[in-house]
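This report looks at charged side chains and where they pair. Start with the sequence and the structure below.

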Amino acid sequence: MNLMVRPANDDDAQLIADLTRASWAGTVAVTSSGHRETAQRVAEQLRCGGAFILLQDDTPVGSVRWAPHDLEPDVWEIRRMGVLPQCRGGNLSQHLLEAVIHQSLASGVQELRLAVRSDQPKLLDLYAAYEFELADELEYSHANAAEPPPRVMRRVLRH
């Protein structure tokens, strides 16, 4: 199996939207806005942040996005990470997470943040393995008001 993570570009907006919806189907609550992801929304996010696409044997199987926090430009929020259901179980998401960590370090970002949905508690351990810590004092800036608030985790990169 040949794995590669590549930066996304504007032409990947539809692919990323499709990957997000397919990755979240049957895993994330149907109330999540990720199930209604559009290429237009992805393209808007790519303009202010970025994304990576995970390829397995040259086939796209996952993606992740990040964007500067609305009020703290030295903080990036990791968003919408997902791997297709048929490709799970091999820790493939770690490649996407590591790519964002490396990109943020290279960009001089102070901190990474992500939100873990209340119905996905097993992800807390995954992110903790990458030095993310619970930050219960923080609220996720893009929380869905129709759902329980997610738990925010942070990884401080530089002080």
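## An exposed partner

Glu131 is exposed, at 55% relative accessibility. In this predicted model, the side chain of Glu131 meets that of Arg155 in a salt bridge, 3.9 Å from N to O. Arg155 is in strand 7, while Glu131 sits in the loop between helix 4 (122-128) and strand 6 (133-134), so the bridge ties together parts 24 residues apart in sequence.

The partner has another setting. Arg155 has a relative accessible area of 13%. It counts as buried because that value is under the 20% cut-off.

## A buried pair

Glu37 and Arg65 also form a salt bridge, 3.0 Å from N to O. Glu37 belongs to the loop between helix 1 (13-24) and helix 2 (39-48). Arg65 belongs to strand 3 (residues 59-68).

## A bridge between strands

Arg154 pairs with Glu111, and their closest N and O atoms are 3.0 Å apart. The pair links distant parts of the chain: Arg154 in strand 7 (residues 151-156) and Glu111 in strand 5 (residues 111-116), 43 residues apart. Glu111 counts as buried, at 10% relative accessibility.

## The wider picture

Both Glu111 and Arg154 belong to a network of salt bridges. Glu72, Arg113 and Glu137 are linked in it as well. The structure holds 13 salt bridges.

Conventions:
Residues are numbered from 1 along each chain as its sequence is written. This is a predicted model: local features need pLDDT of at least 70, side-chain atom pairs count only at pLDDT 80 or more; totals for chains, interfaces and linings use all residues. Side-chain values use heavy atoms; hydrogens and water are left out. A salt bridge is a side-chain nitrogen of Lys or Arg within 4 Å of a carboxyl oxygen of Asp or Glu. Helices (H or I, at least four residues) and strands (E, at least two) are DSSP runs, numbered from the N terminus. Buried means under 20% relative accessible area, exposed over 50%, partly exposed in between (1.4 Å probe, protein chains only).
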